[in-house]
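Let's take a walk through this structure together, moving from its surface to its metal sites and then to its charged pairs. Have your viewer ready as you read.

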Amino acid sequence: MSRSVCCAFVLVMVACLSLPALLLADDTVCIQCHSGQSGSLEAPIAEWRTSIHAGNGISCHDCHGGDPTDFDMAMDSERGFIGAPDYVDVPAFCGRCHVGVFDAYRVGAHGEAIDEGGAQCVVCHGNHAIQNASLDLINEDDCSQCHAYERAALIRLSLVETDTMIIAAERDLDRLYRLGFAVDDMQGSLFNQRNSFHRIFHGVEVERVRQETAGVQSELGKISEEVAAIDSTLGQRKLWGSVVIGLFLLAGVIFLLVRKTYEEEEKS
Ligand code: HEC
Ligand code: HEC
Ligand code: HEC
Ligand code: HEC
Ligand code: HEC
């Protein structure tokens with residue numbers, strides 16, 4: 001009897017201790033009240049939990065506005081609530097945070113054609129379950145819904161080429177860093193190139209994408225030249241290193257031979 005009381009006590013303690021952690025993740029009135037709703041009012045919560053936004057602490061109110069601490073006033077426009085955006089308002093809605101992408105997007109073919117059905121952010125990335133972006137988003141199924149895939153395929157091709165160069169450069173700089181070389185400058189330049197590269201796509205114009213990826217590729221080319229220069233001194237060092245080791249070995253062998261001959265002479 002006393003044992004089960006003890007067990008119950010432990011269970012209550014464990015529940016109490018883990019409660020704050022659970023609450024912390026869901027500690028907004030938005031999530032509390034919407035959890036008790038149904039259909040499209042409740043569904044965003046489970047989807048959002050899987051998203052890169054949830055992983056980075058971006059919650060309902062960061063996108064929709066409103067007051068996450070006040071049950072009654074949460075969705076009042078006086079507390080900054082902006083609700084769910086219409087189709088054409090989505091780019092500015094997301095662009096409050098993704099400024100660089102928004103700038104590239106709005107002067108591109110999709111941004112300019114948004115009133116005639118141009119794709120916007122949510123069409124490609126989704127809304128509540130947004131994940132890390134990659135070139136896999138450019139594929140025949142998704143990109144041939146509104147027009148032919150041909151131009152999309154050309155864009156994908158130039159991007160994949162540059163993406164491969166970026167990945168190779170990252171690997172090279174990582175290797176040189178671990179060997180003790182100062183690669184800060186090259187890493188800084190790679191970081192900038194990577195950032196501007198990942199925005200280029202949103203302009204979706206074949207010629208512009210080609211021109212801009214060419215610019216990025218030429219900067220990446222400079223990095224790989226520097227890497228090659230370091231590698232070649234590294235190669236020479238290795239060569240001299242092996243020559244020195246070879247000489248040492250040779251000296252050792254000669255020493256042994258001399259000693260052997262000396263010992264044999266002593267014996268006889
Ligand atoms: C007390 C319950 C409650 C709270 C708290 C609450 N909501 Fe809602 N929310 C609702 C209900 C009910 C609806 C549907 C009816 C309506 O639009 O008023 C709704 C609708 C919405 C919509 C859709 C509006 C549209 O234009 O279609 C969004 C977005 C939303 N809520 C976000 C939030 C955010 C963000 C918060 C916290 C800052 C929040 N809600 C807090 C109950 C709540
Ligand atoms: C990354 C920004 C973002 C976050 C975070 C976010 N939403 Fe939304 N939400 C949107 C967008 C954009 C729409 C407009 C729907 C569309 O265009 O697909 C929307 C629409 C809605 C709607 C209208 C119904 C629907 O699905 O269209 C509700 C309700 C809603 N969101 C609730 C929430 C709740 C609750 C949370 C937190 C769990 C949340 N949202 C988090 C971007 C966001
Ligand atoms: C036609 C489809 C499409 C549309 C519309 C679109 N995106 Fe993208 N987005 C992509 C693709 C594809 C990538 C990956 C590009 C790459 O890796 O170079 C991407 C990448 C991103 C990234 C990651 C950038 C980085 O630095 O890694 C963000 C953030 C993003 N998009 C936000 C947005 C926002 C905000 C909008 C609306 C203004 C939008 N996207 C519109 C397809 C789209
Ligand atoms: C309140 C600021 C905010 C809003 C609004 C917002 N995001 Fe984000 N978003 C972030 C943060 C922070 C990250 C994680 C850090 C990063 O990768 O930039 C992120 C990450 C992303 C990524 C992954 C980027 C990558 O590196 O692959 C995509 C795609 C994205 N958001 C799209 C959107 C879309 C589409 C909308 C509108 C529906 C939106 N975001 C609205 C802040 C925001
Ligand atoms: C919701 C519909 C829709 C979807 C989905 C869509 N697009 Fe578009 N796209 C348009 C519209 C509208 C235009 C402008 C009219 C035109 O040029 O066909 C356009 C134009 C383009 C152009 C032509 C730009 C130029 O050179 O003038 C390219 C490239 C393009 N889209 C790429 C893509 C890619 C890549 C995807 C998939 C990631 C995609 N689109 C998905 C609607 C869409």
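**A guided tour of the model**

Leu 239, Trp 240, Val 243, Leu 247, Leu 250, Ile 254 and Val 258 together make a nonpolar surface patch of about 730 Å². Patches here are made of residues with over 30% relative accessible area and no salt bridge, where nonpolar side chains (Val, Leu, Ile, Met, Phe, Trp, Tyr) are joined within 5 Å and like charges within 9 Å. Among the patch members, Val 243 sits in helix 13, which covers residues 206-267. Val 243 counts as partly exposed because its relative accessibility is 36%; buried means under 20% relative accessible area, exposed over 50%, and partly exposed in between (1.4 Å probe, protein chains only).

A word on how to read the values: this is a predicted model, in which local features need pLDDT of at least 70 and side-chain atom pairs count only at pLDDT 80 or more, while totals for chains, interfaces and linings use all residues. Residues are numbered from 1 along each chain as its sequence is written, chains are lettered from A and ligands numbered from 1 in the order in which they are written, and side-chain values use heavy atoms, with hydrogens and water left out.

Now for the overall picture. The protein has 13 helices and 0 strands, where helices (H or I, at least four residues) and strands (E, at least two) are DSSP runs numbered from the N terminus. Of its 268 residues, 24% are buried. The accessible surface is about 18,300 Å², and carbon and sulfur atoms hold 61% of that area; such areas come from the Shrake-Rupley method with a 1.4 Å probe, and for residues only the protein chains shown count as cover. Among contacts with a separation of 6 or more, 60% are between residues 24 or more positions apart, a contact being heavy atoms within 4.5 Å.

Let's turn to the metals. Which residues of the protein hold the iron atom of ligand 1? The protein donors are His 34, through NE2, and Met 75, through SD, lying 2.1 to 2.3 Å from the iron. His 34 belongs to helix 2 (residues 29-35) and Met 75 to the loop between helix 5 (60-64) and helix 6 (90-95), so this pair ties together parts that are 41 residues apart in sequence. Donors are N, O and S atoms within 2.8 Å of the metal (3.2 Å for Na, K and Ca), and sites may look incomplete because water is not among the atoms.

Why is the arrangement around the iron atom of ligand 1 octahedral? Its 6 donor atoms subtend angles of 80 to 179°. Six donors count as octahedral if opposite donors are over 155 degrees apart and all others between 65 and 115. For orientation, the ideal angles for six octahedral donors are 90 or 180 degrees. As for accessibility, His 34 is partly exposed at 24%, whereas Met 75 is exposed at 55%.

The iron atom of ligand 5 is coordinated by two histidines, His 110 and His 147, each through NE2, at 2.0 Å. This pair links distant parts of the chain, with His 110 in helix 8 (residues 109-112) and His 147 in the loop between helix 10 (140-143) and helix 11 (150-178), 37 residues apart. The 6 donor atoms at the iron of ligand 5 subtend angles of 87 to 180°, so this arrangement is octahedral. His 110 is partly exposed at 22% relative accessibility, and His 147 is partly exposed at 34%.

Last stop: the charged pairs. The structure holds 12 salt bridges, each a side-chain nitrogen of Lys or Arg within 4 Å of a carboxyl oxygen of Asp or Glu. One of them joins Arg 156 and Asp 136, with the closest N and O atoms 3.8 Å apart. Arg 156 lies in helix 11 and Asp 136 in the loop between helix 9 (121-125) and helix 10, 20 residues apart. Arg 156 is partly exposed at 24%, while Asp 136 is exposed at 56%.

Helix 11 also contains Asp 174 and Arg 178, which are separated by about one helical turn because they are 4 residues apart. Their salt bridge has its closest N and O atoms 3.3 Å apart. In helix 13, Glu 207 and Arg 210 lie 3 residues apart, about one turn of the helix. Elsewhere, Asp 67, Asp 70 and Arg 79 are joined into one network by salt bridges that share partners.

Technical notes
Four donors count as tetrahedral if all angles lie between 85 and 135 degrees; four count as square planar and six as octahedral if opposite donors are over 155 degrees apart and all others between 65 and 115; anything else is irregular.
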